[in-house]
Amino acid sequence: MASNARNQIESWLKTIDVKGSVIDFGGLFMPVKGRTKSWDVYEYSILDCKEERNGTRAQYVYDLNKMIPDKIKPFDVGFCIEVADHFWNPVFAFWNMANLLKVGGTLYVSA
């Protein structure tokens, strides 16, 4: 049985229309793909500190608490769902996420 907090997050995600390119920060545990209201996405990537979990693979393996190379092209939308509590350097982690979004991009965060 899911917790009340988990149910609230799932309800919130079902209100979001997603379009464009998406990066899912820390998305190996519960990828956001398929959990939103709509999904008109031409590129979906997961960035996590591990390469694989339960058959799901991360396209980018980096620790958001540390410098991320600028070789990753920016995305339209980012999701950081229940990951921020793992940041030991939250200012740097959010700086990294902001730099991986296009100008005017959207970052959805839950903590």
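The model is predicted, so local features need pLDDT of at least 70 and side-chain atom pairs count only at pLDDT 80 or more, while totals for chains, interfaces and linings use all residues. Residues are numbered from 1 along each chain as its sequence is written, and side-chain values use heavy atoms, without hydrogens and water.

**Exercise 1.** State how many salt bridges the structure holds.

Solution. Apply the criterion: a side-chain nitrogen of Lys or Arg within 4 Å of a carboxyl oxygen of Asp or Glu. The structure holds 5 such salt bridges.

**Exercise 2.** Describe the pair Glu-10 and Arg-35.

Solution. Step 1: their side chains form a salt bridge with an N to O distance of 2.5 Å. Step 2: Glu-10 sits in helix α1 (residues 4-13) and Arg-35 in the loop between β1 (17-25) and β2 (38-48), 25 residues apart. Helices (H or I, at least four residues) and strands (E, at least two) are DSSP runs, numbered from the N terminus. Step 3: both Glu-10 and Arg-35 are buried, where buried means under 20% relative accessible area, exposed over 50%, and partly exposed in between (1.4 Å probe, protein chains only).

**Exercise 3.** Which residue forms a salt bridge with Asp-76, and where do the two partners lie?

Solution. Step 1: the partner is Lys-102, with the closest N and O atoms 3.1 Å apart. Step 2: Lys-102 belongs to strand β7 (residues 101-110) and Asp-76 to strand β6 (residues 75-81), so the pair ties together parts 26 residues apart in sequence. Step 3: Lys-102 is partly exposed at 32% relative accessible area, and Asp-76 is partly exposed at 23%.
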